[in-house]
Amino acid sequence: MTDPIADYLTRLRNAIKAKHRVVDVPASNLKKEITKILFDKGYILNFKFVDDGPQGTIKIALKYDLVNKVNAIKKLERVSSPGLRRYVGYKDMPRVLNGLGIAVLSTSKGVMTDKEARELKIGGEVLCYVY
């Protein structure tokens, strides 16, 4: 697998389209941090790290509106890829849906959202957009 973050986002996207309640994703430290951000911002219902085998898995419970059966995540978009990395400074930080969505960044201070990086005045690699 050349791009594990794209695989992570694709698994989430496919589970949302198939209306699954829970999705299992192979774990890594970067994926765990992205999952924590999605939970903190209210895009997923819950998550659990399962240590089975050398790598482990992440069980993610997806969040749906009970009345309309609409998911909290409208779109997951991979920005930076292994072939073309996208780096931004804090002054050029992208605003996703005019501030309604989030951009997940990998910075020198760890994985964080665009708003947190703007407050700390640090740039980094834009991993994905979520809205």
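Buried means under 20% relative accessible area, exposed over 50%, and partly exposed in between, for a 1.4 Å probe and protein chains only. By this criterion, Q55 counts as partly exposed because its relative accessibility is 49%. The structure is a predicted model, in which local features need pLDDT of at least 70 and side-chain atom pairs count only at pLDDT 80 or more, whereas totals for chains, interfaces and linings use all residues. Residues are numbered from 1 along each chain as its sequence is written, and side-chain values use heavy atoms, with hydrogens and water left out.

Helices (H or I, at least four residues) and strands (E, at least two) are DSSP runs, numbered from the N terminus. Q55 lies in the loop that joins β2 and β3. Contact is taken as heavy atoms within 4.5 Å. With residues up to four places away in sequence not counted, Q55 touches P26 and A27. The C-alpha atoms of Q55 and A27 are 6.1 Å apart in space, although 28 residues separate Q55 from A27 in sequence.

The packing of helices α1 and α2 was examined next. Two packed helices are described by the angle between their axes and the distance between the axes. Axes are lines fitted to C-alpha atoms, for helices over the stretch in contact, and angles run from 0 to 180 degrees between N-to-C directions. The axes of α1 (residues 4–17) and α2 (residues 29–40) come within 10 Å and cross at roughly 40°. The arrangement of α1 and α2 is therefore oblique, given that angles under 35 degrees count as roughly parallel, over 145 as roughly antiparallel, 65 to 115 as roughly perpendicular and the rest as oblique. The crossing of α1 with α2 is right-handed; a crossing is right-handed if the near helix is turned clockwise from the far one by less than a right angle, and left-handed if anticlockwise. Helix α1 contributes P4, I5, Y8 and L12 to the contact, and α2 contributes L30, K31, I34, T35 and L38. By class, seven nonpolar, one polar and one charged residues form this contact, where Ala, Val, Leu, Ile, Met, Phe, Trp, Tyr, Cys and Pro count as nonpolar, Asp, Glu, Lys and Arg as charged, and the others, Gly among them, as polar.

The buried residues of α1 are I5, D7, Y8, L9, L12, A15 and I16. Their cover includes β1 (22–26), α2, β3 (57–62), β4 (76–78) and β8 (124–130).

Backbone geometry was also considered. Most residues other than glycine have a negative phi, and most peptide bonds are trans. K19, in the loop between α1 and β1, has a positive phi near 60°. A positive phi of about 50° is likewise found at L97, which is not a glycine. L97 is placed in the loop between β5 (87–88) and β6 (102–107), and counts as partly exposed because its relative accessibility is 46%.

L97 is among the residues touched by Y131, together with Y43, I73, K74, K75, E77, V96 and G101, when residues up to four places away in sequence are not counted. Y131 belongs to the segment after β8 and, at 23% relative accessibility, counts as partly exposed.

I44 lies in β2 (residues 44–50) and is buried at 3% relative accessibility. Apart from neighbours within four places in sequence, I44 is in contact with T35, L38, F39, I60, A61, L62, K63 and I73. The C-alpha atoms of I44 and A72 are 7.2 Å apart, across a sequence separation of 28 residues. V126, in strand β8, is buried with a relative accessible area of 2%. Its contacts, with neighbours within four places in sequence left aside, are V79, S80, R86, V88, P94, V104 and L105. V126 and V111, 15 residues apart in sequence, have C-alpha atoms 9.9 Å apart in space.
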